[in-house]
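Thank you all for coming; I would like to take a few minutes to walk through one model, beginning with the chain as a whole and then turning to its aromatic rings.

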Amino acid sequence: MFVARSIAADHKDLIHDVSYDFHGRRMATCSSDQSVKVWDKSESGDWHCTASWKTHSGSVWRVTWAHPEFGQVLASCSFDRTAAVWEEIVGESNDKQRGLSHWIKRTTLVDSRTSVTDVKFAPKHMGLMLTTCSADGVVRIYEAPDVMNLSQWSLQHEISCKLSCSCISWNPSSSRAHPSMFAVGSDDSNVAYGGKVQIYEYNENTRKYGKVETLMTVTDAVHDIAFAPNLGRSFHVLAIATKDVRIFKLAPMRKESSSTGPSKFEVQIVAQFDHHNSQVWRVSWNITSTLLASSGDDGCVRLWKANYMDNWKCTGILRGDGSPLSASSGQPISTMVGSSLLSQNALNGMSAGRIGRRAPFAPPLRPLTTSKIDQPPAYY
């Protein structure tokens with residue numbers, strides 16, 4: 001049984017994103033008030049704000065954690081056309097506010113000419129790499145050659161997607177059978193222009209990322225996109241947040257031994273849900289890719305789970321105020337999660353906050369709601 005708790009976030013404007021660290025003991029929030037806040041979870045399960053600072057000169061759309069192998073590192077992106085990398089410094093704090101940690105800016109990435117709409121660190125096995133996408137339709141991949149010096153980042157790849165980009169997701173698979181791959185979504189409002197999701201793959205021969213697939217059936221604006229953890233599967237699973245929730249299966253087609261060209265995929269949509277009856281803003285997987293969470297303009301978080309026949313259905317719903325809804329069967333839902341963000345135990349540290357960028361009429365997401373669980377789930 002999950003218990004919903006509220007946090008007085010004290011952001012002065014819309015909260016656009018919430019992100020957990022790898023262990024789920026820390027989270028970061030960002031807002032149109034141009035600030036980022038870092039929260040730490042106490043032994044009692046309470047969340048305490050340990051840092052709050054102005055990060056950009058415009059609305060901050062996204063915030064994300066690097067793998068802890070690289071230290072306590074955050075990246076943020078903003079309407080001010082920049083992305084920034086922040087590192088927590090221990091023992092060098094001059095803060096007068098007791099208990100607040102000290103975060104310093106290591107670098108500002110200024111290559112974009114328009115709003116930087118998303119920022120993601122690449123999977124750990126690729127090294128310390130950071131990816132941004134912008135409203136100008138360009139994806140940029142940066143690398144820190146020296147992980148001990150985060151002030152130096154080099155632009156490795158610049159990929160034009162032809163459409164305004166809204167979100168990106170790396171395929172987390174570390175299998176040598178799967179080349180490095182990421183998906184990018186577009187929130188272009190032109191419904192007539194199909195293919196709002198594009199898949200890019202790294203080619204060892206050209207040493208570049210090339211487009212290997214376009215999901216032509218996705219014609220509505222895409223707000224979020226998330227590859228599921230692979231866990232040894234031969235295929236990939238991709239969740240998409242648009243006017244509904246969609247789950248795609250991408251199965252690589254077998255190559256001839258002499259073939260060096262890009263991968264070909266058999267694309268299949270395995271689930272599509274319009275239960276939110278509104279725009280869906282976030283999708284997020286748990287660590288075992290058995291549970292997908294989505295949040296939308298209906299003010300609810302919904303949990304989706306597949307049975308052994310790979311048939312997906314809704315297994316839990318929670319309103320924004322923390323009260324549960326009933327399932328379609330009429331039985332109460334006992335699985336409860338927070339509406340603005342989901343706990344580590346529920347989703348293993350992936351953010352499920354709602355974006356307000358394209359919905360300026362939406363109320364600020366205050367207070368934040370988190371959840372905790374009495375016993376760790378089975379996969380812990």
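**Contacts, cysteines and rings**

Among contacts in the chain (heavy atoms within 4.5 Å) with a separation of 6 or more, 51% join residues 24 or more positions apart. This is a predicted model, in which local features need pLDDT of at least 70 and side-chain atom pairs count only at pLDDT 80 or more, while totals for chains, interfaces and linings use all residues. Residues are numbered from 1 along each chain as its sequence is written, and side-chain values use heavy atoms, with hydrogens and water left out.

Of the 380 residues in the chain, 56% are buried, meaning under 20% relative accessible area with a 1.4 Å probe and protein chains only, where exposed is over 50% and partly exposed lies in between.

There are zero disulfides, a disulfide being a pair of cysteine sulfur atoms within 2.5 Å. Cys-77 is buried, at 0% relative accessible area, and its sulfur has its closest cysteine sulfur in Cys-30, 7.4 Å away, which is too far for a bond.

Turning to the rings, the whole structure contains twelve aromatic pairs, where ring centres of Phe, Tyr and Trp (its six-membered ring) lie within 6.5 Å, with planes under 30 degrees apart called stacked, over 60 edge-to-face and the rest tilted. One of them, Phe-182 with Tyr-200, is stacked, at 5.4 Å centre to centre and 15° between the planes. Because Phe-182 lies in strand β15 and Tyr-200 in strand β16, this pair ties together parts 18 residues apart in sequence; strands are DSSP runs (E, at least two residues), numbered from the N terminus.

Conventions: Helix = DSSP H or I, 4+ residues; strand = E, 2+ residues; numbered from the N terminus.
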